[in-house]
Amino acid sequence: MAVMLGLNYTFVSEFILIGFSTFPHLQLMFFLLFLLMYLFTLLGNLLIMATIWSEHSLHTPMYLFLCALSISEIFYTFTIIPRMLADLLSTLHSIAFLACASQMFFSFTFGFTHSFLLTVMGYDRYVAICHPLRYNVLMSPRGCACLVAWSWVGGSFMGTVVTTAIFSLTFCGPNEIHHFFCHVPPLLKLACGENVLEVAKGVGMVCITALLGCFLLILLSYAFIVATILKIPSAEGRHKAFSTCASHLTVVVVHYGFASVIYLKPKGPKSLEGDTLMGITYTVLTPFLSPIIFSLRNKELKVTMKKAFLNKLFLQNS
């Protein structure tokens, strides 16, 4: 729907999400697949949170940050996936202007909060391995709460900056977004006016700078961690120290690997179907893999979850 503004412009009051309508024969299969992955993501993160909350031995900074990471992941997927699932079963794919802006704000807020929390977790491992005697001072409960709070503040700031910049543009029509949610690149293609290119460059620079900054800080943390681990004389000691970082490092590689494909891919002829499928990697696949990685690669969490499950099973059978 568009409202006339003067003689030459129209104001777009709603958008049409094209999404997976280019794959009409696969929509039911996509719905079932993404629904199962979404439910698994929710259950996996809720299980991690419940395990951490119920087990006193896991009430440490590392697991506090993991709990905050699970919360941000649940909110992030809730912002995008339920709407995508509804559209896969519906013939009406319209989304109101304000709803589109809200979806963009929350997706960027929770997405960047996730990146900032991964950076904080890298810092936590750096302090634990490189400065173990100062760990309780540097990672005090108040300090940890501040780091988590600032991660959420940073994510909210990024969401506000990106959403304000994009929705300050004029959308003159057409109003078809070639994606399954309100993402920046397809919306920029619908904008008109002289400042679209400047806004696109500005938003791209802000997002890439924030992601690259987080990634470089994580790399710096692990450079110091590796240098410290190599100084440990026993192989068992080196393995034990590195095992506490394995799950976090794996999630970082997956998270930034997919992010780099999205933000740093070369310019060129773009396939709309390809962009839609690529969007699945960071909206569905990465959140799906994250709880699996933390559950399987973190020995302490895995043992605690198994013990809690077996205890409940034993109580039910007794």
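Reply: Start with a cut-off: buried means under 20% relative accessible area. Cys-100 has a relative accessible area of 0%, so Cys-100 is buried. Keep in mind that this is a predicted model.

Me: What makes Cys-100 and Cys-182 a disulfide?

Reply: The cut-off is a pair of cysteine sulfur atoms within 2.5 Å. The sulfur atoms of Cys-100 and Cys-182 are 2.0 Å apart. That is within the limit, so the pair counts as a disulfide.

Me: Where in the chain do these two cysteines sit?

Reply: The pair links distant parts of the chain, 82 residues apart. Cys-100 lies in helix H3, residues 97-130. Cys-182 lies in the loop between strand S6 (176-177) and helix H6 (184-188).

Me: Is Cys-182 buried or exposed?

Reply: Cys-182 is buried, because its relative accessible area is 0% and the limit is under 20%.

Me: How many disulfides does a search of the whole structure find?

Reply: It finds two. The other pair is Cys-172 and Cys-192, with sulfur atoms 1.7 Å apart. That value is within 2.5 Å, so this pair is a disulfide too. With 55° about the S-S bond, the link of Cys-172 and Cys-192 is right-handed. It joins distant parts of the chain, 20 residues apart: Cys-172 is in the loop between strand S5 (170-171) and S6, and Cys-192 is in strand S7 (residues 191-192).

Me: What is the pairing when the bonded cysteines are numbered in sequence order?

Reply: The pairing is 1-3, 2-4.

Me: Why is Cys-172 called buried?

Reply: The relative accessible area of Cys-172 is 16%. The limit is under 20%, so Cys-172 is buried. Cys-67 is buried as well, with 6%.

Me: How do you know that the length of helix H7 agrees with its number of residues?

Reply: Helix H7, residues 196-230, has 35 residues. At 1.5 Å a residue, H7 should span 51 Å. Its end C-alpha atoms are 50 Å apart, which agrees.

Me: Which residues of H7 are buried?

Reply: Among them are Val-196, Val-199, Val-203, Cys-207, Ala-210 and Leu-211. Cys-214 is another of the buried residues of H7. Its relative accessibility is 5%, so Cys-214 falls under the 20% limit.

Me: Why are H2 and H3 called roughly antiparallel?

Reply: Helix H2 (residues 61-89) and H3 pack at an angle of about 160°, with their axes 9 Å apart. Angles over 145 degrees count as roughly antiparallel, so H2 is roughly antiparallel to H3. Their contact has 15 nonpolar, seven polar and four charged residues. The crossing of H2 and H3 is left-handed.

Me: What makes H1 and H2 roughly antiparallel to each other?

Reply: Helix H1, residues 27-54, packs with H2 at an angle of about 160°. That angle is over 145 degrees, and H1 and H2 are therefore roughly antiparallel. Here the contact has 23 nonpolar, five polar and two charged residues.

Me: Why is Tyr-282 called buried?

Reply: Tyr-282 sits in helix H10, residues 272-297. Its relative accessible area is 16%. That is under 20%, so Tyr-282 is buried.

Definitions and conventions. Residues are numbered from 1 along each chain as its sequence is written. This is a predicted model: local features need pLDDT of at least 70, side-chain atom pairs count only at pLDDT 80 or more; totals for chains, interfaces and linings use all residues. Side-chain values use heavy atoms; hydrogens and water are left out. Helices (H or I, at least four residues) and strands (E, at least two) are DSSP runs, numbered from the N terminus. Buried means under 20% relative accessible area, exposed over 50%, partly exposed in between (1.4 Å probe, protein chains only). The expected span of a helix is 1.5 Å times one less than its number of residues. Axes are lines fitted to C-alpha atoms, for helices over the stretch in contact, and angles run from 0 to 180 degrees between N-to-C directions. Angles under 35 degrees count as roughly parallel, over 145 as roughly antiparallel, 65 to 115 as roughly perpendicular and the rest as oblique. A crossing is left-handed if the near helix is turned anticlockwise from the far one by less than a right angle, and right-handed if clockwise. Ala, Val, Leu, Ile, Met, Phe, Trp, Tyr, Cys and Pro count as nonpolar, Asp, Glu, Lys and Arg as charged, and the others, Gly among them, as polar.
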